[in-house]
Amino acid sequence: MRAKLLLGGLLALSLSGCGGGARPPQYGARPELPEPRRGLLPDMTISLPAEWGNDRPLVPKGYKIDAIATDLLIPRQTLILPNGDILVTEGSGGGDAPALRPKDFIATYIKKQGKTSARGGNRLTLLRDADGDGKYETRNIFAEDLNAPYGLALIGHSLYVANQDALVRFEYRDGQLSASGTPTLVTDLPSAINHHWTKAMTASLDGLYLYVGIGSNSNITERGMPAELDRAMVWQVDVATGAHRRFATGLRNPSALATQPVTGQVWAGVNERDEIGPDLVPDYITSVRQGAFYGWPYSYWGQHVDVRAQPQNQALVAAAVAPDYSLGSHVAALGLAFSNASMGAQFADGAFVGEHGSWNRDPPVGFKVVFVPFRDGKPVGEPVDFVTGFLRDGKARGRPVGVTVDPRGALIVADDLSNTVWRVTPDGSR
Amino acid sequence: MEVTFDRLQRRPLHPLHAIFLAFPPPLFLGAWLTDLAYGATFQVQWVNFSSWLIALGLLVGALALLWAIVGVLALGLARRGRPVVYLAALAAMWVLGLVNAFVHAKDAYAVMPEGLFLSAIVAFLAFVAAWTGYSGLPVRQAP
């Protein structure tokens with residue numbers, strides 16, 4: 001649907017920031033950044049949902065893909081448990097953000113057209129493949145009555161779940177099909193308004209800390225700076241006490257977190273700001289450096305000032321660090337997982353990124369899972385398509401969110417549009 | 001049939017037309033003032049106020065504009081002057097007001113400075129329209 005047609009019947013299309021000028025993708029550490037621009041109306045290209053039918057996503061030669069669970073209630077992130085079971089968070093948060101302007105009513109309605117009609121499950125579903133044939137024949141509700149759960153982490157016998165408003169802990173014993181009781185509160189998380197509600201999470205290798213991503217409460221401070229207290233940052237939470245510190249700030253919407261094997265470095269997939277052009281601002285993955293400020297809202301990609309954020313803060317702009325690796329503007333990186341040798345030689349060293357897909361760009365981008373190759377612990381080269389075919393003829397059949405690498409040799413992809421969990425495996429295995 | 005007009009004889013607007021026309025001037029003036037307040041304070045609530053004031057000005061202004069179009073057409077195109085000024089001011093107010101609504105739909109300070117200028121122009125046009133409209137439109141007379 002072309003929202004600009006809907007909104008601006010009286011206006012010539014040329015008044016809008018028309019998308020014909022979108023340039024080739026911007027990848028890597030130093031993406032080319034055009035000047036900010038926006039027409040009278042923002043580019044809105046909503047990809048309406050369509051059914052998969054007998055089709056399925058496309059994977060590279062030598063790999064196959066299967067749906068291991070369907071008809072879920074908005075699956076977001078997954079976690080592989082030690083026995084191979086898969087936990088899936090299901091939910092949808094953020095409904096409390098009040099509409100403040102005429103625009104909020106209109107934009108919310110338009111964006112809703114590109115989403116599932118299912119209601120978020122507010123639960124964890126467990127999937128089990130007992131005989132190892134690749135079919136997850138057992139499916140059980142592990143826990144219910146959660147509040148838009150998103151991030152998951154297992155440390156020893158403690159299963160941590162990041163709800164949209166709180167970090168909670170379940171006791172977990174190997175082989176459990178359902179939680180043995182209600183969870184214990186570890187710490188409350190910032191949840192007022194909750195425009196970007198997802199709370200991504202990862203654990204440090206030593207199991208002492210959890211890292212929680214907290215997205216901004218606006219695109220670019222249009223709800224005012226007081227709404228941004230404790231937003232757009234990554235918290236480091238002490239597992240033993242629940243105490244937290246601001247680990248890194250200025251990360252607009254860190255909706256994917258992952259811990260790099262061996263080095264233990266925390267990485268984030270971050271969604272950058274909209275409405276200043278089809279090629280601004282690139283979404284990215286970056287190593288999250290302790291104490292670093294990544295720019296939002298005052299600047300992007302280092303010192304590129306965003307004049308929409310007023311009053312400006314020149315000291316913070318000067319201190320802003322540029323992220324490590326651009327994925328391209330508006331792709332919406334919502335999943336991040338480091339790979340290993342079990343995924344096959346070509347995809348062994350690097351990270352998979354789930355790209356939910358764009359709304360503020362014409363033509364649309366994202367709607368796929370890419371593989372970012374790494375060398376010596378750093379991303380190099382261009383992303384490689386790994387799972388594609390979500391978008392066809394302008395319609396979205398699925399939208400990838402969380403990606404997780406099963407150490408037995410599989411990539412698990414949660415799809416919150418077709419409410420499916422996909423599993424990609426090298427052909428030879430199982 | 002020949003139609004003549006008495007230059008001095010004017011009829012006040014229909015009461016409902018007058019009520020519709022009463023909305024745009026204070027609403028668009030208010031939007032300009034709240035824009036000024038936003039520019040001075042950077043408090044986004046002011047620009048939210050602007051957005052709603054503009055939206056309401058457009059909504060009721062559209063009714064006044066429709067009435068004016070019908071009324072002026074009924075007078076016939078032969079008659080130039082005040083009715084045409086009235087209609088032109090009201091139409092310009094509405095079209096620029098719509099552009100201003102879209103400008104105000106940008107996020108945070110992206111509204112500025114265009115929004116401030118447009119709000120001032122639209123408020124001025126609203127007062128021009130009200131002034132000419134409330135001065136009354138010529139009475140149509142049969143010979």
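How many residues of chain B are in contact with chain A? In this predicted model, where local features need pLDDT of at least 70, side-chain atom pairs count only at pLDDT 80 or more, and totals for chains, interfaces and linings use all residues, 17 residues of chain B are in contact with 20 residues of chain A. Residues are numbered from 1 along each chain as its sequence is written, and chains are lettered from A and ligands numbered from 1 in the order in which they are written. Contact here requires that the C-beta atoms of two residues, placed from the backbone, lie within 7 Å.

On the side of chain B that touches chain A, the elements giving two or more residues are α3 (44-75) and α4 (82-104) of chain B. Helices are DSSP runs of H or I with at least four residues, strands are runs of E with at least two, and both are numbered from the N terminus. The largest share, six residues, comes from α3(B). By class, this side of chain B has 11 nonpolar, four polar and two charged residues; Ala, Val, Leu, Ile, Met, Phe, Trp, Tyr, Cys and Pro count as nonpolar, Asp, Glu, Lys and Arg as charged, and the others, Gly among them, as polar.

Within chain B, the axes of helix α2 (residues 24-41) and helix α5 (residues 114-134) come within 8 Å and cross at roughly 160°. Axes are lines fitted to C-alpha atoms, for helices over the stretch in contact, with angles running from 0 to 180 degrees between N-to-C directions. α2(B) is therefore roughly antiparallel to α5(B), a term for angles over 145 degrees. The contact includes Phe28(B) and Trp32(B) of α2(B) and Ala123(B) and Phe127(B) of α5(B). By class, the contact of α2(B) with α5(B) has 14 nonpolar, three polar and one charged residues.

In chain A, four strands form an open antiparallel sheet in the order β10-β11-β12-β13. Strands pair if DSSP finds at least two bridges between them. β10 (199-203) and β13 of chain A stand at the edges, each with a single partner strand, so one side of each has no neighbour in the sheet. The twist averages 25° from one strand to the next.

Strand β11 (residues 209-214) of chain A pairs with β12 (residues 233-238) of chain A over six bridges in the antiparallel sense, and Tyr211(A) stands opposite Gln236(A) in β12(A). Five bridges join β12(A) to the antiparallel strand β13 (residues 244-249) of chain A. In β13(A), Thr249(A) is the bridge partner of Met233(A), and His244(A) stands opposite Val237(A). The hairpin of β12(A) and β13(A) has five residues between the strands, and in this hairpin Gly242(A) takes a positive phi near 85°.

Notes:
Angles under 35 degrees count as roughly parallel, over 145 as roughly antiparallel, 65 to 115 as roughly perpendicular and the rest as oblique.
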